[in-house]
Amino acid sequence: MESRTRLRARMRASFLLAAGALLAFQAAAAGPREELHEAYERFLAATSFRASLTDVAKGKTLTEMEFVAPDRYRVSVQGGPSQLVIGDAMYMDMGGRTMKLPMPAGNLVGQYRSREALEALERDLVVDALGADSVDGEPAKVYHYVTTQHGRADVKAWISDRSGLPLQLETTGKADGKSQTVRIRYRDFNDPSIRIAAPD
């Protein structure tokens, strides 16, 4: 009959083998889609950030934006009036005079912080890992996927190795019948100095 000590040793070895197999399975299951999903979860949990939107072909910055959770945005549009968005209200500077307007449907700020991207990942969106890169010297992993929610668009996402947050998104799609690539660059996540208040 097997001694109690040897039996315990065999049980411990079996447990360690099973635990190792489980860890290996979990590591294998964490593919590109799961990694990108986790990055977008962190992004939606951010309390604040700054972002810029650029037309890649023209090398022209179109908008600059600041965000404070849960629903405050400051948007500066090139060649247009500056805007504050707080909840469902938009405050627009019109020649030194502030006007309060209802927030229009399909608003500009939605593209900076979209839950739709996360929901698409939850619907088994195909995500490819493109390897390592950097954004302004910060190491990142690059992912690619195709979305068809608002017309077909190819999306590349740069996710920081350090923070696990998105540093940059590039989207290529059709605009007015022409192919266009726009880049959103994110920075200053969870910066308490970013403050947005409604005008007096």
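Okay, Asn190: with a relative accessible area of 40%, Asn190 is partly exposed. On the terms: buried means under 20% relative accessible area, exposed means over 50%, and partly exposed is in between, with a 1.4 Å probe and protein chains only. You'll find Asn190 in the segment after β11. Its phi is near 55°, which is a positive value in a residue other than glycine.

Asp188 also belongs to the segment after β11. Asp188 isn't a glycine either, and it has a positive phi of about 55°. At 35% relative accessibility, Asp188 counts as partly exposed.

A quick word on what we're looking at: this is a predicted model, where local features need pLDDT of at least 70, side-chain atom pairs count only at pLDDT 80 or more, and totals for chains, interfaces and linings use all residues. Residues are numbered from 1 along each chain as its sequence is written, and side-chain values use heavy atoms, with hydrogens and water left out.

So, the overall layout. How many helices and strands does the chain have? There are 3 helices and 11 strands. Those labels are DSSP runs numbered from the N terminus: helices are H or I with at least four residues, strands are E with at least two. Going along the sequence, you read α-α-β-β-β-β-β-β-α-β-β-β-β-β.

The chain has 200 residues, and buried ones make up 34% of them. It exposes about 12500 Å², and carbon and sulfur atoms supply 53% of that. Those areas come from the Shrake-Rupley method with a 1.4 Å probe, and for residues only the protein chains shown count as cover.

Now for the inside. In soluble globular proteins, nonpolar side chains tend to be buried together. By a nonpolar core I mean a set of buried Ala, Val, Leu, Ile, Met, Phe, Trp, Tyr and Cys residues joined through side-chain atoms within 4.5 Å. The largest one here has 29 residues, and those with the most contacts inside it are Leu36, Phe43, Phe49, Met65, Tyr145, Tyr186 and Phe189. Which elements give two or more residues to this core? They are α2 (32–45), β1 (48–55), β2 (60–68), β3 (72–77), β5 (89–94), β8 (138–147), β9 (153–160) and β11 (178–187). It's α2 that gives the most, with 5 residues. Apart from that core lies another, of 7 residues, including Val68, Ala89, Ile194 and Ile196.

Let's zoom in on Tyr145, in strand β8. Is Tyr145 buried or exposed? Tyr145 counts as buried because its relative accessibility is 6%. Ala157 is 12 residues away along the chain, and the C-alpha atoms of Tyr145 and Ala157 are separated by 8.6 Å.

Next, pairings from further along the chain. Among contacts between residues at least 6 apart in sequence, 43% join residues at least 24 apart. Contact here means heavy atoms within 4.5 Å. Take Arg72, in strand β3. Arg72 is partly exposed, at 28% relative accessibility. If you leave aside neighbours within four places in sequence, Arg72 is in contact with Glu66, Phe67, Val85, Ile86, Ile196, Ala197 and Ala198. Arg72 and Ala198 are 126 residues apart in sequence, and C-alpha to C-alpha they're 9.2 Å apart in space.

Thr181 is another one to click on, in strand β11. Leaving aside neighbours within four places again, the contacts of Thr181 include Thr54, Asp55, Val56 and Ala57. Asp154 is 27 residues from Thr181 along the chain, with 9.1 Å between their C-alpha atoms.

One bit of backbone to look up: the peptide bond from Ala69 to Pro70 is cis, with omega near 5°. Pro70 is in the loop between β2 and β3.

Last stop, a pocket. On a 1 Å grid over the protein atoms alone, a pocket is an open set of points where a 1.4 Å probe fits, with protein on both sides within 12 Å along at least five of seven lines, and lining residues have an atom within 4 Å of a point. The second largest pocket is lined by Glu35, Glu38, Ala39, Arg42, Lys141, Tyr143, Ile159, Ser160, Asp161 and Gly164. The elements giving two or more residues to that lining are α2, β8 and β9, and the largest share, 4 residues, comes from α2.
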